[in-house]
Amino acid sequence: DNKALYDTFSLFGNILSCKVACDHAGKSRGYGFVHYETEEAAKQAIERVNGMQIGEKTVEVTRFVKQDDRDVAPVKYTNIYVKNVPPNFDEEMLKSMFGGYG
């Protein structure tokens, strides 16, 4: 939770904000964000906590990089969302409609 994240990372410097990412039910998604006042505090947290075993998990701590700035291959989407499908449509009708595209 947020308090455990704060308690773990406050050892390295003044935290401006920290948050555990949660799903709609309030369950942790397994990652979070800590925003330090200084770059030195962030570097020290990365050096000291990255790779540490906490509970049953090995923690990975890295510098935050905005998604637009990441060097990753573009995502190839294979799932689509279809809205306002007539109520009488079934799976076969959807396959017939979209099957020609892949």
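Where is the place of tyrosine 101? I found tyrosine 101 in the segment after helix 3 (91–98); helices are DSSP runs of H or I with at least four residues, strands are E runs of at least two, and both are numbered from the N terminus.

Note on the source. This is a predicted model, in which local features need pLDDT of at least 70 and side-chain atom pairs count only at pLDDT 80 or more, while totals for chains, interfaces and linings use all residues. Residues are numbered from 1 along each chain as its sequence is written, and side-chain values use heavy atoms, with hydrogens and water left out.

Entry on tyrosine 101. I looked up its accessibility: tyrosine 101 counts as exposed because its relative accessibility is 73% (exposed is over 50% relative accessible area, buried under 20%, partly exposed in between, with a 1.4 Å probe and protein chains only).

Entry on helix 2. I listed Ala41, Ala45 and Val49 as the buried residues of helix 2 (residues 39–49). Down the axis of helix 2 these buried residues fall within an arc of 40°, so they line one face of the helix; the arc is that of the directions from the helix axis to the C-beta atoms. They pack against helix 1 (2–9) and strand 2 (contact is heavy atoms within 4.5 Å). On the other side of helix 2 I noted Glu39, Glu40 and Glu47 as exposed. Glycine 51 follows helix 2 and has a positive phi, near 90°.

Entry on the strands. I found strand 1 (residues 15–22) and strand 2 (residues 28–36) antiparallel and joined by six bridges; pairing needs at least two DSSP bridges. Cysteine 22 is opposite serine 28 in strand 2.
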